[in-house]
Amino acid sequence: MLTLSLPDEAATRALAARLAPHLRAGDVVTLRGDLGAGKTALARFLIRHLAGDEAEEVPSPTFTLVQTYEHLSPPVWHFDLYRLTDPGEVVELGWEEARDACALVEWPERLGPLLPRDRLDVQLTLDGPTARRALITGHGAWEERVAGI
């Protein structure tokens, strides 16, 4: 388990840069936190870092529920499950196909029994007007990998 203070957007960007080299195909990274905690911002920074392009268009998947980035290495599927009411709905979004990529999942509690044992959890909490706190926890295969972040 790792706890980090993120006093501003630059610190969140730096966290994404720290996480990105550890991501592999088949990984699931859950992004937890209240509305406005910075989940989408962290996902956006991760995707842009993997693309090597700060101008990479990374729309929020709030309405589409999933955005895919097959051109990245590893490929990334970014899910926002906030509007789902049943874990079975994520299967219709391509959950099984996404497991061959790296899945970034906002509102992972909506996965219910589909939440994998092997995953990296990133819990973001507000810690001031612009500050956040990140609690990073590895589960399963990620328990050892989290130490390298």
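Mentor: Let us begin with a term: helices, of at least four residues, and strands, of at least two, are DSSP runs, numbered from the N terminus. The model is a predicted one. In this numbering, Leu65 is placed in the loop between helix 2 (39–51) and strand 3.

Trainee: What makes Leu65 count as buried or exposed?

Mentor: Buried means under 20% relative accessible area. Leu65 has 15% relative accessibility and therefore counts as buried. Leu65 also has a positive phi of about 75 degrees, although it is not a glycine.

Trainee: Which elements make up the protein chain, and in what order do they run?

Mentor: The protein chain has 5 helices and 7 strands. From the N terminus on, they run β-α-β-α-β-β-α-α-β-β-β-α.

Trainee: How do you know whether the radius of gyration of the protein chain agrees with that of a compact globule?

Mentor: For 149 residues, a compact globule would have a radius of gyration near 15 Å; the protein chain has 14 Å, so the two agree. The C-alpha atoms fill a box of roughly 40 × 30 × 30 Å along the principal axes. Of the 149 residues, 50% count as buried.

Trainee: Why is the pair of Tyr82 and Trp107 called tilted?

Mentor: By the pairing rule, the count comes to 3 aromatic pairs. Tyr82 and Trp107 form one with 4.9 Å centre to centre and 55 degrees between the planes. Rings pair if their centres lie within 6.5 Å; planes under 30 degrees apart count as stacked, over 60 as edge-to-face and the rest as tilted. The pair is therefore tilted, given its 55 degrees.

Trainee: Where in the chain do Tyr82 and Trp107 lie?

Mentor: Tyr82 lies in the loop between strand 4 (76–80) and helix 3 (88–92), and Trp107 in the loop between strand 5 (102–106) and strand 6 (119–126). The pair links distant parts of the chain, 25 residues apart.

Trainee: What makes Trp77, Phe79 and Trp95 a cluster?

Mentor: Ring pairs link Trp77, Phe79 and Trp95.

Trainee: What kind of peptide bond joins Ser73 and Pro74?

Mentor: Ser73 and Pro74 are joined by a cis peptide bond, with omega about 0 degrees. Pro74 lies in the loop between strand 3 (66–69) and strand 4.

Terms used
Residues are numbered from 1 along each chain as its sequence is written. This is a predicted model: local features need pLDDT of at least 70, side-chain atom pairs count only at pLDDT 80 or more; totals for chains, interfaces and linings use all residues. Side-chain values use heavy atoms; hydrogens and water are left out. The radius of gyration is taken over C-alpha atoms; the globule rule is 2.2 Å times the number of residues to the power 0.38. Buried means under 20% relative accessible area, exposed over 50%, partly exposed in between (1.4 Å probe, protein chains only). Rings of Phe, Tyr and Trp (its six-membered ring) pair if their centres lie within 6.5 Å; planes under 30 degrees apart count as stacked, over 60 as edge-to-face and the rest as tilted.
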